[in-house]
Amino acid sequence: MKKLIGVMAAGVIGSGALHAYNWKQAANNLTPKEQAFAAAAATAAVGNLPKLTAAFNRALDEGWTVNELKEMVLQLYAYTGFPRCLNASATLEQVVKARAAQGKQDVPGQTPAQIPAGTDKYELGRQNLARLIGQDIPSRPAAFIQDTDTFLKEHLFADIFARGILTDEQREMATVSFLTALGNVNSQQRSHMGLAINVGVTPAQIEGICAVVKQEVGRREGVNGLAVLKEVTNK
């Protein structure tokens, strides 16, 4: 595992030493392919369509398939809503068509799996989430709005996660990129950074995502991401 660098290693987030933080070195904790994926996820989350166009082109050049990027966009709506998802979908369509017109042969990729008829989707979602957490979780825990638990399990962690195409690791990298770019959802960001680490994303890679977010979205969001990561890794 790559060591955390700069202020993360020194534990001085929020101090003047942050100005010396090597964001470029942090970004290189990700492969160029992962950087492109994080950039696409982050710019999609905030709706910066010109930057998203560039990020999708870069992601396709780095070897992501069209269906892998479609899957990331589909997952986006669970965290940012349909407007961001639909705008990202339209942008990806424009990029793919423009590249085809230029003679570029982008790989379509795998098609999504189907949930068998009669499957208890709540139970499937509960099991998928338990796998990400790394331990069993209760069925139908009490919630102020009870159907939030139902929708979370049946839709996000069943309908979406059961589609395949992206690995658990890739899905959590996308989600961490979404939430870090949003910058004001620290509770969910902490949870998903923890899930990402559970499924094999290293803290150094998450640091790299924060660096990509800083470049593509803004310094405040990148710094906030580092601070949240510090909370997660210090537990």
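Predicted model: local features only at pLDDT ≥ 70, side-chain atom pairs only at ≥ 80, totals over all residues.
Biologist: OK, how many aromatic pairs does the structure hold?
Modeller: There are 5 aromatic pairs in the structure. One of them is Tyr21 with Trp23: the ring centres are 4.7 Å apart and the planes sit at 80°, so that pair is edge-to-face.
Biologist: What about Tyr79 and Phe178, how are their rings arranged?
Modeller: Their planes are at 40° and their centres 5.9 Å apart, so the pair counts as tilted. This pair links distant parts of the chain, with Tyr79 in helix α5 (residues 66-80) and Phe178 in helix α9, 99 residues apart.
Biologist: Are those two buried or exposed?
Modeller: Both Tyr79 and Phe178 are buried.
Biologist: Let's zoom out. How many helices and strands does the protein chain have?
Modeller: The protein chain has 12 helices and 0 strands. Its radius of gyration is 18 Å, close to the 18 Å from the globule rule for 235 residues, so the chain is as compact as a globular protein of that length.
Biologist: What does the C-alpha trace span along its principal axes?
Modeller: It spans about 55 × 50 × 30 Å. Of the 235 residues, 45% count as buried.
Biologist: What share of the contacts comes from residues 24 or more positions apart?
Modeller: Those account for 71% of the contacts with a separation of 6 or more.
Biologist: Now the backbone. What is phi of Arg140?
Modeller: Phi of Arg140 is near 50°, a positive value in a residue other than glycine. Most residues other than glycine have a negative phi.
Biologist: Where is Arg140, then?
Modeller: Arg140 is in the loop between α7 (121-133) and α8 (146-160). Arg140 is partly exposed, with a relative accessible area of 44%.
Biologist: And what is phi of Ile165?
Modeller: Ile165 isn't a glycine either, yet has a positive phi of about 65°. Ile165 lies in the loop between α8 and α9 (168-182), and at 14% relative accessibility counts as buried.

Conventions
Residues numbered from 1 in each chain as written. Heavy atoms only, no water. Helix = DSSP H or I, 4+ residues; strand = E, 2+ residues; numbered from the N terminus. Rg over C-alpha atoms; globule rule 2.2 N^0.38 Å. Buried < 20%, exposed > 50% of the residue type's maximum accessible area, 1.4 Å probe, protein only. Contact = heavy atoms within 4.5 Å. Phe/Tyr/Trp six-rings, centres within 6.5 Å; stacked < 30°, edge-to-face > 60°.
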